[in-house]
Amino acid sequence: LNAAPGRPPRQQIRFLPAPGGGGAVELVAARVPVLADHPLVRGPRFRKLKIGAGHRLDVKASGVFVLGIGHGNKLLTDRYNCHLTKVYTVGGRFGKATDDFSDTGNLVEKTTFDHITREKLERILAVIQGTNQKALLMYSNIDMKTQEAYELAVKGLIRPMGKSPPIITAVRCLQFALPEFQLEIHCLHETQQYLRKMVHEIGLELKSSAVCTQVRRIRDGVFTVDDALPRTQWNLQSIQEAIRNCQLKVETELEKTL
Amino acid sequence: RGLGVAAGPPSTRQLREAEEGAPVFQYAGKAARRKDRVFVWGFSYSGALGVPSFVKPDAGWKKPRRIQPTPYRLETEEKISSAACGYGFTLLASNTRDITKVWGMGLNKDSQLGFQRTRRDQTKGYEYVLEPSPIPLPLEKPQQTRVLQVSCGRAHSLVLTDSEGVFTMGNNSYGQCGRKVVEDEIYSGSHLIHQLKEFDSRVVQVVCGQDHSLFRTKKGTVYACGWGADGQTGLGHYNITSVPTKLHGDIAGVNIVQVSSYGDCCLAVSDEGDVFGWGNSEYLQLASVTETTQVNVPRHLPFKIGKIKEAACGGTGNLVLTEEGNVFVWGYGILGKGPNLIETAVPEMIPPSLFGWSDFSPDIRVAHVRCGLSQFAALTNRGELFVWGKNLRGCLGTGRMEDQYFPWRVTVPGEVVDVACGIDHMVSMVSSF
């Protein structure tokens with residue numbers, strides 16, 4: 001960043017003695033760069049960068065992680081107040097139960113799972129969606145008796161705009177091949193450990209046990225996996241280009257929600 | 001213990017071996033069946049919920065529970081295939097061939113649950129039945145006949161069997177039991193259960209209104225008996241009818257596939273998707289065809305909302321379900337479209353997004369609709385139950401005491417197969433996961 005050409009030094013008008021012979025000393029106005037702006041005086045333009053992080057991502061999870069740089073940190077609080085849903089791909093495996101709900105924990109129990117079918121799993125997912133839908137309406141703190149509550153409910157725009165426990169707005173089974181399965185979960189105010197716990201609870205409901213093998217965030221508000229920079233592209237040019245591309249999207253997102 | 005081996009955190013290989021050697025538990029085998037359960041909720045002091053400890057606590061620390069605001073599981077001996085809620089009492093029927101096929105609980109002041117012999121005095125009967133008690137039906141072949149359906153009105157009940165006609169019991173002061181009205185008859189503690197067999201073909205559905213009864217036969221004809229002052233018998237007059245009589249009017253010659261009633265208005269659906277109505281119209285239920293407040297002849301209701309699959313008639317509001325799975329409401333009261341819609345004569349559709357339909361799950365459809373006196377219930381094809389309407393004594397089952405102005409999910413641990421709505425309580429048949 002420091003290698004990039006900085007802004008040109010400020011110019012000032014000073015009255016300097018004209019180069020010339022002796023005799024009367026005349027003052028000639030000349031445009032001269034201000035010494036205080038000289039790079040050797042000022043030092044490198046960037047010494048520290050303020051980087052802020054968006055919604056937390058676990059050590060064991062992967063996926064889209066939003067960062068704000070410099071002035072972008074102000075947008076981070078606005079994005080937090082938007083309360084938009086995040087989408088995760090959660091992979092699970094039947095047959096085992098561990099103490100921290102992931103496949104690297106200490107084994108608690110092993111169970112059979114050959115009685116599980118995709119239909120049973122989808123039934124459980126429907127119930128989860130139903131109870132979370134109720135929680136969504138309850139934590140949004142809107143009086144259910146008003147006409148506007150009814151209209152928002154019809155459009156599906158009721159959402160908790162303050163603090164709330166984790167709420168799942170939609171779940172879908174993407175793949176099902178015993179013992180592995182994969183779910184797509186849209187949620188609000190969640191932590192990755194909560195998603196792992198949910199996989200464990202799904203296993204319990206199906207009268208077996210399950211551990212979570214993978215948690216990957218594929219969407220955080222408007223940022224999807226396509227916008228995100230992979231490890232190989234963590235350099236200045238890609239970052240600058242990505243910021244430029246996303247600026248418009250972030251602005252529209254914030255305007256629409258707030 | 002091997003003294004030469006150092007103790008320490010178990011290595012990966014040891015962990016893996018321990019894991020492989022761990023015992024495998026089996027909680028459900030491949031042949032695990034889904035169990036059928038019954039859930040009840042609402043006002044319990046009449047005994048209609050069938051849980052005696054709500055009314056008379058059996059342990060010292062328990063307090064009487066006046067209202068059960070959320071679904072509570074009711075233990076039954078057999079699988080219940082049909083249930084009906086009346087005004088303070090409930091009937092549960094099973095499809096079995098055993099001798100006991102019907103159980104009743106709740107108010108029994110008019111013997112709507114048959115004669116329930118008291119333990120102390122063999123001649124007297126219970127006036128409040130707190131537990132599901134068997135109702136003795138005078139069947140000719142008790143080990144072969146099956147009970148298909150039950151229905152309850154204000155103070156009378158009907159039991160439909162497959163080969164022995166319809167049994168009626170309870171209050172008969174308006175002839176709603178299908179037998180001649182006896183002056184000054186004492187209904188409490190009565191042993192009389194009347195049997196009705198004279199219809200043009202086998203009866204396939206029985207429906208009780210508040211003080212009248214409707215019978216639908218296999219041929220598609222409808223019979224009615226009972227109170228007619230609001231025209232709810234549909235026979236062309238406003239008098240009492242004590243013998244089931246065939247209805248004419250706009251439904252003569254039409255094959256009716258479903259009849260519904262709960263208060264004083266009645267709806268019938270034909271096989272072609274048309275809906276006919278008769279009875280009370282004070283709340284604009286039939287205002288689309290007539291200005292009068294009582295209609296005593298079935299009239300066709302010309303709604304252009306598509307082919308109608310099912311209809312449900314409440315006290316002041318009506319509900320129909322079309323073939324596409326859309327729900328339409330009209331009438332008076334809390335209709336389900338927010339607090340601003342109080343009454344309408346023309347059916348209004350309830351947006352499917354309120355029943356869980358969204359871009360994410362576009363194949364959710366409403367499968368059945370049911371009505372209580374001022375509540376409505378809808379069952380989706382995913383087995384979810386949505387209720388809305390006036391929350392009289394906690395009958396909606398949402399856990400709150402407030403009225404519900406738009407469809408709200410009831411959390412039941414299982415897939416809801418059927419629901420019966422009453423005045424202040426509801427019964428649902430649920431299949432467990």
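A salt bridge is a side-chain nitrogen of Lys or Arg within 4 Å of a carboxyl oxygen of Asp or Glu. I began with one such pair: Lys60(A) forms a salt bridge with Asp100(A), and the closest N and O atoms are 3.0 Å apart.

**Conventions**

I noted that this is a predicted model, in which local features need pLDDT of at least 70 and side-chain atom pairs count only at pLDDT 80 or more, while totals for chains, interfaces and linings use all residues. Residues are numbered from 1 along each chain as its sequence is written, chains are lettered from A and ligands numbered from 1 in the order in which they are written, and side-chain values use heavy atoms, with hydrogens and water left out.

**Entry 1: salt bridges within a chain**

I recorded 30 salt bridges over all chains of the structure. Side chains of opposite charge can pair when their charged atoms come close.

Lys60(A) is in the loop between β3 (51-53) and β4 (62-63) of chain A, and Asp100(A) is in the loop between β7 (96-98) and β8 of chain A; the pair links distant parts of the chain, 40 residues apart.

For accessibility I used these limits: buried means under 20% relative accessible area, exposed over 50%, and partly exposed in between (1.4 Å probe, protein chains only). Lys60(A) has 46% relative accessibility and therefore counts as partly exposed. Asp100(A), with a relative accessible area of 23%, is partly exposed.

I then looked up Lys197(B), which forms a salt bridge with Glu140(B), the closest N and O atoms being 3.8 Å apart. Lys197(B) lies in the loop between β11 and β12 (203-208) of chain B and Glu140(B) in the loop between β7 (128-134) and β8 (147-152) of chain B, so this pair ties together parts 57 residues apart in sequence. Lys197(B) counts as partly exposed because its relative accessibility is 45%, and Glu140(B) counts as exposed because its value is 57%.

My next pair was Asp211(B) and Arg154(B), a salt bridge with its closest N and O atoms 3.0 Å apart. Asp211(B) lies in the loop between β12 and β13 (212-217) of chain B and Arg154(B) in the loop between β8 and β9 (156-161) of chain B, so parts 57 residues apart in sequence are tied together. Is Asp211(B) buried or exposed? At 7% relative accessibility, Asp211(B) counts as buried, whereas Arg154(B), at 28%, counts as partly exposed.

**Entry 2: where chain B meets chain A**

I noted 34 residues from chain B and 33 residues from chain A in the contact (heavy atoms within 4.5 Å). Chain B and chain A bury about 3300 Å² between them, 62% of it on carbon and sulfur atoms; buried area is the accessible area (1.4 Å probe) that two parts lose on being put together, summed over both.

How many salt bridges are there between chain B and chain A? The count is two. I looked up Glu415(B), which forms a salt bridge with Arg123(A), the closest N and O atoms being 3.3 Å apart. Glu119(A), Arg123(A), Arg34(B) and Glu415(B) are linked in a network of salt bridges.

**Entry 3: strand β21 of chain B**

I found that six of the six residues of strand β21 (residues 317-322) of chain B are buried, so the strand is largely enclosed by the rest of the structure. Gly317(B), Leu319(B) and Leu321(B) point one way from β21(B), and Asn318(B), Val320(B) and Thr322(B) point the other way.

Two strands pair if DSSP finds at least two bridges between them. Five bridges join strand β20 (residues 308-313) of chain B to β21(B), and these strands run antiparallel. Ile308(B) stands opposite Thr322(B) in β21(B), and a hairpin joins β20(B) to β21(B) through three residues.

Leu319(B) stands opposite Val329(B) in β22(B). The hairpin of β21(B) and β22(B) has four residues between the strands, and Gly325(B) in the turn has a positive phi of about 95 degrees.

Conventions:
Helices (H or I, at least four residues) and strands (E, at least two) are DSSP runs, numbered from the N terminus.
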